Structures are given as structure tokens and as C-alpha cells.
Amino acid sequence: MKQTKQDSPYPRTPDELLERIVTDRGWFIQHFCDIIHSDVRRGIQPFVFISPQRRYWREIVDTGIRRVIVGKSRKWGFSTLELADGLVETFTTPGFRYGVFAHKQETANNLNRTVKLLYDSAVRNLAAAGLNPHEFIPKPTSTSIMGYEFGSINSGLYLGTASGKGVGQSDRFDRVYATEYSDWEWAEDSRAGLEGSQPPGAKFIVDFNAHGKGNDSY
């Protein structure tokens with residue numbers, strides 16, 4: 001196997017690589033996923049964690065915290081990091097359901113484009129390393145503005161809006177990412193519905209900026 005990114009050699013065998021992907025999502029993201037650089041003139045770049053992302057991964061992800069509230073400043077890459085982590089957990093965990101909920105459909109569409117780049121770049125970079133990508137990550141059996149389904153492992157990633165009081169109550173989500181939370185209408189009711197859809201031990205991640213009409217995030 002040839003290296004396409006620095007820092008760490010690939011595992012020696014396909015089985016060892018698959019185990020590394022499943023057990024070390026951060027390693028996979030930084031070795032196989034690409035992002036659009038914050039300076040768009042630099043185009044698509046490898047996803048190399050910056051300092052706030054490294055700290056978040058070390059203090060939150062690696063310690064196994066499952067209820068996360070991020071009152072964030074913009075443009076340090078939290079949304080992209082969360083989407084990458086949730087995507088990899090979805091396609092490496094049979095039966096896993098990941099829900100991403102924004103305030104506006106426009107935001108959900110933008111997040112969907114980020115997910116597409118993360119997934120497509122992982123496939124491309126695995127192939128560039130001389131590997132069959134779908135020995136390591138499943139093919140989506142359906143893709144749409146609403147997300148991805150990986151039918152071979154019965155997992156899926158759903159992107160939408162939390163626009164109604166009953167959102168989530170008829171679904172099951174093992175991981176929820178609620179973004180733009182301070183702008184949600186019916187925030188408390190929507191969150192209650194989403195939390196009610198989750199089994200014990202599920203993850204719920206909230207982010208918001210310092211504005212908006214709701215008080216629940218604060």
C-alpha cells in the first residue's frame with residue numbers, strides 16, 4: 001500500500017486496515033477524507049485537524065462523552081468534524097442511524113454536500129492507495145437530499161430540519177447532531193422528540209451561535 005498522507009503508515013493487511021478504520025475514526029478521517037479549505041482559493045485539501053479540532057477530539061470524542069453542547073464561534077470546522085465522525089460511525093456500524101437536523105433546509109442541503117465530499121473523497125483516496133474502497137466502506141444503496149442509506153449493513157444518515165413538534169418520535173437515531181439550535185422553532189419540543197427516539201447510550205450533539213430567538217440552548 002502506498003501512503004497518500006503523512007504521519008502514519010497504513011496497516012500491513014486489509015484486515016488490519018479495516019480494524020483501524022472501525023476503531024480509530026479520527027485516523028481514517030485524516031488519512032482518507034478531504035474538505036474544502038476555509039480559503040476557497042486553495043480548493044479541496046486533505047482533512048488535517050487544526051488545534052481546536054484536535055482538542056475536541058481528545059477531550060470529547062476519545063473520552064466517550066455522549067451528550068455534547070458546543071456554544072461555538074464560526075469557522076473553526078466543528079460542523080465538518082462532526083459530520084465526518086458521524087459518517088464514519090454510520091458506515092462502520094451495522095444498524096446505525098445518524099440524524100443531522102438544522103434550522104433551515106438550505107443549511108441541511110449544504111451539510112449534505114459536505115457529507116458527499118467526505119464520502120466521495122474517502123472512496124477516491126482508498127482507490128488511490130491501490131485498494132478496493134468497498135472492501136472497507138459500503139456502497140450507498142440510496143442517496144438523496146435527505147441523506148444516505150447503506151443497505152448492506154442496514155445503516156443510514158439522515159439530513160433534515162427540526163421544523164415540527166413531533167420530529168423524531170417515530171424514528172430511531174443512535175446519534176443526533178442538532179445544529180443552529182438557538183434558531184429552532186419549538187426547540188424544547190423538537191429536542192424532546194429526538195431524544196425520545198434514542199436508545200440508551202445514544203449520542204446527542206448540539207451546537208449554536210450566540211444569537212437566535214430561543215432560550216433552550218442557553
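**Aromatic residues and the sheet**

Modeller: At 0% relative accessibility, F150 counts as buried, because buried means under 20%. The model is a predicted one.

Biologist: Why is Y148 called buried?

Modeller: Y148 has a relative accessible area of 5%. The cut-off for buried is under 20%, so Y148 is buried.

Biologist: What makes the pair of Y148 and F150 stacked?

Modeller: The ring centres of Y148 and F150 are 6.2 Å apart, and the planes stand at 25 degrees. Rings pair if their centres lie within 6.5 Å, and planes under 30 degrees apart count as stacked.

Biologist: Why is the pair of F28 and F91 called edge-to-face?

Modeller: The centres of these two rings lie 6.0 Å apart, and their planes make 80 degrees. Planes over 60 degrees apart count as edge-to-face, so F28 and F91 form an edge-to-face pair. The pair links distant parts of the chain, with F28 in helix 2 and F91 in helix 4, 63 residues apart. F28 is buried at 0% relative accessibility, and F91 is buried at 3%.

Biologist: Which residues form one aromatic cluster?

Modeller: The cluster consists of W27, F28, F32, F91, Y119, Y148 and F150. The count of aromatic pairs comes to 16.

Biologist: How do you know that helix 2 is roughly perpendicular to helix 4?

Modeller: The axes of helix 2 (residues 25-32) and helix 4 cross at roughly 110 degrees and come within 10 Å. Angles of 65 to 115 degrees count as roughly perpendicular, so that is the term for helix 2 and helix 4.

Biologist: Which residues meet where helix 2 and helix 4 are in contact?

Modeller: From helix 2, R25, F28 and I29 meet A84, D85, V88, E89 and F91 of helix 4. By class, this contact has five nonpolar, no polar and three charged residues.

Biologist: What makes strand 3 and strand 5 edge strands?

Modeller: The sheet is open, with seven strands in the order 3-9-8-4-7-6-5 and mixed pairing. Strand 3 (67-71) and strand 5 (142-144) each have a single partner strand, so one side of each lacks a neighbour in the sheet. From one strand to the next, the twist averages 10 degrees.

Biologist: How do you know that strand 5 pairs with strand 6, and strand 6 with strand 7?

Modeller: Two strands pair if there are at least two bridges between them. Strand 5 and strand 6 are antiparallel and joined by three bridges, and T143 has Y148 as its bridge partner in strand 6. Four bridges join strand 6 to strand 7, also antiparallel, with G147 facing its bridge partner Y158 in strand 7. Strand 4 (residues 97-102) and strand 7 (residues 155-161) run parallel and share six bridges; V100 stands opposite L159 there.

Biologist: Why is L157 called buried?

Modeller: L157, in strand 7, has 2% relative accessibility. Buried means under 20%, so L157 counts as buried. Leaving aside neighbours within four places in sequence, L157 is in contact with residues including L87, V115, M146 and Y148. L157 and G99 are 58 residues apart in sequence, yet their C-alpha atoms are 6.0 Å apart.

Conventions. Residues numbered from 1 in each chain as written. Predicted model: local features only at pLDDT ≥ 70, side-chain atom pairs only at ≥ 80, totals over all residues. Heavy atoms only, no water. Helix = DSSP H or I, 4+ residues; strand = E, 2+ residues; numbered from the N terminus. Axes fitted to C-alpha atoms, helices over the stretch in contact; angles between N-to-C directions. Parallel < 35°, antiparallel > 145°, perpendicular 65-115°, else oblique. Contact = heavy atoms within 4.5 Å. Nonpolar A, V, L, I, M, F, W, Y, C, P; charged D, E, K, R; others polar. Buried < 20%, exposed > 50% of the residue type's maximum accessible area, 1.4 Å probe, protein only.
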